[in-house]
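Biologist: I have a structure open and would like to learn how to read it. Could you walk me through some features, one at a time?

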Amino acid sequence: PPPPPPPRLDSSAASDVYKRQLAMFNQNGASSTEETPIENTPSTTQTGTNEISLVTKYNPIISWEFFDEGGFTGGPALSKDQDQIYLASGSGTTYAFELDGQERWQLELPSGGVGTPVVNSEGEIYVADKEGGLNKITPQGKLVWHFQSPAGDRSHSGPAIGPNGNIFYTVGTTTQGFVQAVSPDGEDLWETEAKTRLFFESPDPSPDENYVFLKEDIFNQQNGEYLDLDYDVNVIRVFSGSNGGNYLLAGHSIIQWQAAADSIETIDVYEWDSSHLSEIYTPTGIGVNKDGTSWQLYTTPGGNTLFVWVSEDDQALGTTEVNISGSTLVFMKEDLSALVCGGGSFKPSSTDCSVLTPDNEDSLWKLHLGNYGPVVGGIFLDDHYYVSTEDGHLFEIDENPEEITSTLDTVN
């Protein structure tokens with residue numbers, strides 16, 4: 001069973017630490033801590049005695065939606081050509097949709113789909129199913145092969161593709177989990193039992209082809225050997241950064257590391273002033289972006305969501321709190337804006353999404369999608385988010401940005 005939820009966030013403390021962190025950051029050359037309107041991204045041009053200001057206002061709307069009564073356990077995946085999305089339902093149907101919501105094709109799997117599909121460099125789709133299988137599908141919706149894992153009769157996660165094209169997913173029983181490795185041709189490479197009890201998530205193959213991470217477990221990516229490395233900290237999770245580095249979470253700190261014999265060697269540590277948070281209150285989501293910026297998401301059932309961005313030199317780029325509980329990060333853009341979705345306080349069926357940015361204490365926008373349960377995944381393309389819910393809904397959200405021009409009198 002999952003551990004008991006951590007304490008509810010103290011909103012006043014979160015707000016205080018936001019101001020303190022931003023003030024510290026501003027001493028190193030940033031702009032003032034004065035609050036910026038959440039709908040504004042200004043650029044100005046001075047003409048004579050007038051200053052013309054362009055601001056972006058967001059009016060998010062639901063452009064279209066789709067429903068499958070089998071529900072979804074993962075989000076949509078974008079095709080190689082970025083002209084369609086793929087989604088696997090719990091009823092056993094894999095769908096391909098045009099970006100405008102028109103269905104292109106559907107394929108029935110041997111059993112219900114599990115997790116988010118993944119797409120390889122050739123545009124082929126991999127989908128895990130409930131009976132421990134992995135399916136390879138062409139972009140036209142034809143089944144190439146079906147692999148059945150010998151390690152268990154059920155899949156616990158969707159697949160992940162490693163840098164050499166191999167596919168990894170978790171299988172097993174209700175009490176036992178294995179990482180299963182499969183070649184692009186559908187051959188069994190290896191399967192290794194996980195020590196973590198939290199194996200209901202996709203494995204994380206490192207870009208350097210050395211490791212596969214699953215919660216706090218580390219496996220040799222080539223042969224599946226379980227690597228029992230020594231740590232001098234209490235490790236909560238090991239993961240790959242989008243910048244290619246290997247990281248671990250210890251308390252509220254993210255540590256970049258490299259292997260040294262049977263132990264790890266610290267390369268860098270990301271820290272922020274988390275003194276107002278309890279030591280037992282750890283992030284529910286973490287990551288490191290391509291530019292080296294790290295992020296941490298804190299949330300509880302019935303509480304709020306706190307999102308923190310930290311630079312490589314340990315400066316808090318922003319701390320944003322929003323009234324969404326039990327949230328997850330759905331997608332983060334290169335500009336560090338983050339789509340998080342969850343429910344209202346003590347309303348787990350509520351489906352709310354909000355975009356948070358490091359330069360605004362409040363959300364950029366917030367949208368209530370309905371009462372369809374948790375959002376289980378999503379993608380972003382050209383001002384549009386595509387998100388799916390546990391209850392079986394797929395939504396396209398148009399951010400609907402609007403450029404507004406305002407003219408202010410200036411003094412020469």
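Modeller: Gladly; we will go through a sheet, a disulfide, some aromatic rings and a few single residues. Keep in mind that this is a predicted model.

Biologist: Let's begin with the sheet. In what order do strands S24, S25, S26 and S27 lie, and is the pairing parallel or antiparallel?

Modeller: The general idea is that strands of a sheet pair through backbone hydrogen bonds, in either a parallel or an antiparallel way. Here four strands make an open sheet in the order S24-S25-S26-S27, with antiparallel pairing. At the edges are strand S24 (285-288) and strand S27 (316-322), each pairing on one side only. From one strand to the next, the twist averages 10°.

Biologist: How many bridges join strand S25 to strand S26?

Modeller: Six bridges join them, with S25 covering residues 294-299 and S26 covering residues 305-310.

Biologist: Next, disulfides. How many does a search of the whole structure find?

Modeller: In general, a disulfide is a covalent bond between the sulfur atoms of two cysteines. The search of the whole structure finds one. This disulfide joins Cys341 to Cys353, with an S to S distance of 2.0 Å. Cys341 sits in strand S29 (residues 338-344) and Cys353 in strand S30 (residues 347-356), twelve residues apart.

Biologist: Why is the disulfide of Cys341 and Cys353 called right-handed?

Modeller: Look at the torsion about the S-S bond: it is about 110°, so the disulfide is right-handed. Both Cys341 and Cys353 are buried, too.

Biologist: Now the rings. How many aromatic pairs does the structure hold?

Modeller: There are 23 aromatic pairs. To read one, check the distance between the ring centres and the angle between the planes; planes under 30 degrees apart count as stacked, over 60 as edge-to-face and the rest as tilted. For Trp64 and Tyr386, the centres are 6.2 Å apart and the planes are at 50°, so this pair is tilted. The pair links distant parts of the chain, with Trp64 in strand S3 (residues 61-67) and Tyr386 in strand S33 (residues 384-389), 322 residues apart. Trp64 and Tyr386 are both buried.

Biologist: What kind of aromatic pair do Phe66 and Tyr95 form?

Modeller: Theirs is edge-to-face, at 4.9 Å centre to centre and 70° between the planes. Phe66 lies in strand S3 and Tyr95 in strand S6 (residues 93-98), so the pair ties together parts that are 29 residues apart in sequence.

Biologist: Are Phe66 and Tyr95 buried or exposed?

Modeller: The cut-off for buried is under 20% relative accessible area. Phe66 has 19% relative accessibility, so Phe66 counts as buried. Tyr95, at 7%, therefore counts as buried as well.

Biologist: Let me try single residues. Where is Gln256, and which residues does Gln256 touch?

Modeller: Gln256 is in strand S22 (residues 253-260). Leaving out residues up to four places away in sequence, Gln256 touches Gly245, Asn246, Tyr247, Glu265, Thr266, Ile267 and Asp268. Its relative accessibility is 18%, so Gln256 counts as buried.

Biologist: And where does Ser274 lie?

Modeller: Ser274 lies in the loop between strand S23 (263-270) and S24. At 13% relative accessibility, Ser274 counts as buried. Ser274 and Ser253 are 21 residues apart in sequence, and in space 9.3 Å apart, C-alpha to C-alpha.

Methods. Residues numbered from 1 in each chain as written. Predicted model: local features only at pLDDT ≥ 70, side-chain atom pairs only at ≥ 80, totals over all residues. Heavy atoms only, no water. Pairing = 2+ DSSP bridges. Helix = DSSP H or I, 4+ residues; strand = E, 2+ residues; numbered from the N terminus. Axes fitted to C-alpha atoms, helices over the stretch in contact; angles between N-to-C directions. Disulfide = S-S within 2.5 Å. Buried < 20%, exposed > 50% of the residue type's maximum accessible area, 1.4 Å probe, protein only. Contact = heavy atoms within 4.5 Å. Phe/Tyr/Trp six-rings, centres within 6.5 Å; stacked < 30°, edge-to-face > 60°.
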